[in-house]
Amino acid sequence: MIEEKGLTAIEAEKRLEEFGLNDIKDISKTTPLRILLRQIKSNFIIYLLTFTMVVSFFIGKSITAYAILAIICMVVFAGFLQEFRAEKSISALKSMLIQVSIVIRDGKEQEVLSVNIVPEDILVLRNGDKIPADCIILEEKELRVDESILTGESMEVKKRAASGKNYAEVNSVFMGSYIVNGRCIAKVIHTGMNTKFGKISGLISSTEKELPLQKKVNKIAKYMVTVAIVVSTLTGLLMLSRSATISEEVVLNVLILVIALAVSAFPEGFPVVLITTLASGAHHMAKKNAIVNRMSIIETLGETTVICSDKTGTITKGEMTVRKVFANNTVYEVTGTGYEGKGNFLYKNKKINPNNEPALRNIMMNAVICNDAIIERTGKDMEFKTIGSPTESALLIMGVKAGLFKEDLRLIKIQEKPFNSERKMMSVLCKINEENIAYSKGALEYLIKKCKYIQKNKSIYRLTKIEKEKILDFNKNMTISSLRTIAFAYKKVNQLKNDPFEDDLIFVGFAGMEDPAREEVKDAIAQCYTAGIKVNMITGDNKETAISIAKEIGINGKVMEGNDLDNLTDDELKKEISNISIFARVKPEHKLRIVRALKSNGEIVTMTGDGVNDAPALKEAHIGIAMGKKGTDVSRSVADLTLKDDNFSTIVSAISEGRTIFKNIRKFATYQLSCNVAELSILFVGVLLSPFLGWQIPILLALQILFMNLVTDNLPAITLGLNPSSNDSMAEPPRRNSDIFNKKLLTLLFFTGGLLAILVLSSYFFVFNVLGATHEYARTVALFSLISLEIVSAFNFRSFRKGVFNRGLMANHYLFYASAISLIATFAIVYSPLNKVFETVPLKTDGLLIVLALSLSLAIIFDLLKYANKKIKFFDLEHM
């Protein structure tokens with residue numbers, strides 16, 4: 001943290017908390033050493049393995065003890081690596097939230113972090129700046145402020161400089177609001193939680209939401225731990241009962257096996273795989289401009305049944321765009337959206353060059369010169385960022401589409417009459433090519449009163465009353481279409497001193513603009529309807545504008561205005577809300593009622609918001625989504641997700657990712673637990689059958705079980721969590737608070753585990769009882785078979801619908817590489833000197849052929865099962 005003016009690192013960190021950033025994990029605080037220590041402290045498996053290692057040393061099995069020590073190190077490292085990556089993914093949000101301000105210190109303007117601002121600092125605030133503290137205005141010029149995030153009122157507020165020590169609200173600017181016009185120099189009086197902004201944020205409860213995913217995982221872990229302890233203990237007791245003599249060494253060997261079996265059956269890999277899956281999902285979402293604040297809500301996104309989205313800035317770009325231009329008694333179309341300089345001028349659907357039309361050329365010149373906004377390139381092709389009012393920014397972008405940039409014009413500005421609420425117009429007198437020209441723009445009904453002439457093409461005519469009425473009719477048609485209009489006029493000025501240059505102007509035309517829907521939103525909303533998700537549009541605009549945008553993007557349904565909502569009781573709203581898709585003239589406090597009404601009907605609600613007053617609704621919704629560009633720190637701190645691009649389509653992508661993640665959780669959970677069931681069954685049934693078949697018990701040794709648990713259980717399970725999404729993830733209705741396992745999936749789990757156990761026990765029986773091989777050889781074949789079968793099973797679990805042979809090996813390349821590592825490690829403990837440590841023997845051709853035959857048999861069985869399931873549906877495999 002930068003230290004300035006006596007601000008210590010501790011104070012700076014406290015200031016971060018004041019800005020609402022304390023909810024977000026800080027990777028600088030969570031050091032690698034702390035993560036490592038947390039892994040060791042919190043992992044019960046490590047304690048069991050450590051105990052097993054000590055026992056092994058005690059009975060003289062030092063090689064086994066060292067091998068277990070290596071396994072402990074690998075378990076700790078794997079957990080550390082996954083948690084560290086997860087911490088890094090979450091920390092991305094914090095860096096996005098920090099704001100920079102310009103402060104006058106030592107007589108110079110300096111750029112500092114807003115969290116480092118202290119009372120008595122002097123701030124320079126310009127058009128478009130976000131105010132970082134409560135301040136008294138010392139100087140101002142045409143200052144207007146947007147305080148909607150505090151008050152919910154969209155009207156700009158005029159501010160004045162304070163006179164002397166006495167000041168009122170009109171002489172103050174408040175943290176979180178925006179400068180929308182003019183500039184000022186202000187002195188800081190309050191920061192952080194002492195500001196008006198901070199006091200509102202302090203009213204919001206910091207209580208965490210219920211995390212259903214964690215409850216589901218804990219429930220599975222509890223049952224599996226119970227089963228593991230019971231079965232491993234019974235196995236140990238059976239072994240002791242079958243032992244000819246019970247010595248201290250026999251008891252300790254059985255104890256080591258019981259612990260190894262319990263460790264293999266404990267779902268200790270669940271947290272690692274779960275963290276990896278969620279972190280991967282968070283990473284994918286970040287690439288798509290969705291920053292996850294709380295990873296545990298990712299899968300809840302997939303359950304969304306209703307999206308309540310703001311219109312401005314989310315469904316639309318929040319960027320005014322000129323759509324039509326009136327000139328020469330003709331309406332020209334302008335293509336393009338937002339602050340991108342790509343677009344054309346069309347007349348009767350044919351492209352024209354506006355610079356070849358004298359009236360249009362004058363409009364372009366006026367739009368660019370009579371303008372206080374600034375545009376700058378973002379670095380992307382023809383994309384711009386703006387400083388200034390949205391209306392003036394839209395006019396500059398229109399100029400860009402005509403190839404006209406303010407900085408390319410050689411002009412000298414002589415005089416300016418700024419816009420104010422009384423005159424409703426702005427004028428600039430400038431010198432261009434030795435001519436003095438006045439350009440004026442403003443509200444049509446005000447500007448046209450100042451016009452005496454009208455330009456049509458190259459000619460100038462007297463503006464008659466009939467002509468004025470015709471112009472006003474064109475303007476009315478545009479406003480009915482929800483376009484906001486601004487008119488243009490000019491004149492040549494011969495005498496600078498005596499000429500009132502806003503009189504006797506030449507009218508050239510007007511532009512109609514709107515905040516258009518994003519081009520990709522219509523397809524995203526259609527995708528939502530296909531996925532069974534209802535979309536509600538919420539706006540503060542009037543009913544007509546809301547309906548116009550809704551029709552454009554494909555939202556159908558009834559409209560309700562804020563006043564109508566106020567007149568309904570909660571019970572009446574609950575009954576009516578399912579029929580409403582458009583909410584107009586809505587205030588922030590209405591959002592909370594909308595969310596509660598939807599939740600009372602059993603809906604899973606995703607809500608967007610950007611202002612301070614939206615925070616309670618974001619907190620109430622199942623998934624609260626804040627805006628990254630125009631949102632407040634308060635809304636982002638309570639939200640579960642932050643959109644870097646403020647785009648509705650990003651919400652749909654996040655929901656799709658949430659559905660994919662839940663499917664992957666089901667896949668790796670079913671796979672991993674089926675492996676655990678197989679291992680428990682093999683050892684338990686092996687002990688039961690040993691007296692009748694002459695088998696040496698245990699069928700698998702403790703170190704072999706631990707090796708298999710680490711290499712073939714956890715590695716493929718982790719990669720299953722990274723399975724790519726299917727193309728039809730948004731072609732199914734939402735889940736309704738479904739558990740990870742249902743009856744059909746549990747049937748699949750035990751069927752798979754039982755099948756693996758039968759095949760492995762069959763391999764041991766065939767090698768030992770039929771071929772007459774040694775116990776060591778049969779045990780090695782059984783070990784190799786189980787590892788290979790678990791790898792084939794992992795490839796099967798890539799999809800619950802598509803067969804193993806119907807998908808390429810690289811459909812999930814992570815699984816391919818993990819399986820290769822598992823096989824290489826298995827060959828190493830069988831054919832290298834490591835076989836002495838793991839008590840295996842090299843397999844001959846017959847042993848490898850048995851392993852291969854069993855693996856192919858399992859793949860064929862699974863593919864036949866999937867084919868049959870399409871008709872019978874005895875497993876829950878649809879949409880997986």
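Is F784 buried or exposed? I looked this up in the model, which is a predicted one. F784 has a relative accessibility of 3% and counts as buried, since the cut-off for that class is under 20%.

**Entry: aromatic pairs**

I searched the whole structure and found 12 aromatic pairs. I examined the pair of F326 and F474, whose ring centres are 4.7 Å apart; the planes meet at 40 degrees, so I recorded this pair as tilted. F326 belongs to strand 10 (residues 321–327) and F474 to helix 15 (residues 465–480), so I noted a link between distant parts of the chain, 148 residues apart. F326 is buried, at 1% relative accessible area, whereas F474 is partly exposed, at 26%.

I then turned to F784 and F827. Their ring centres lie 5.1 Å apart with the planes at 80 degrees, and the pair is therefore edge-to-face. F784 sits in helix 26 (residues 775–796) and F827 in helix 27 (residues 813–831), 43 residues apart. I recorded F827 as partly exposed, with 39% relative accessibility.

I also noted that F326 and F474 form one aromatic cluster together with F510.

**Entry: lysines over rings**

I found K196 over the face of F174, 4.9 Å from the ring centre. K449 is placed over the face of Y446, at 5.6 Å from the ring centre.

**Entry: strand 7**

I looked up the partners of strand 7 (residues 178–190) and found an antiparallel pairing with strand 3 (residues 122–125) over four bridges. In this pairing, K187 of strand 7 stands opposite I122. Strand 4 (residues 134–146) also runs antiparallel to strand 7, joined by 10 bridges. There, I recorded V188 of strand 7 as the bridge partner of C135.

Note on methods. Residues are numbered from 1 along each chain as its sequence is written. This is a predicted model: local features need pLDDT of at least 70, side-chain atom pairs count only at pLDDT 80 or more; totals for chains, interfaces and linings use all residues. Side-chain values use heavy atoms; hydrogens and water are left out. Two strands pair if DSSP finds at least two bridges between them. Helices (H or I, at least four residues) and strands (E, at least two) are DSSP runs, numbered from the N terminus. Rings of Phe, Tyr and Trp (its six-membered ring) pair if their centres lie within 6.5 Å; planes under 30 degrees apart count as stacked, over 60 as edge-to-face and the rest as tilted. Buried means under 20% relative accessible area, exposed over 50%, partly exposed in between (1.4 Å probe, protein chains only). A charge sits over a ring if NZ of Lys or CZ of Arg is within 6 Å of the ring centre and within 35 degrees of the ring normal.
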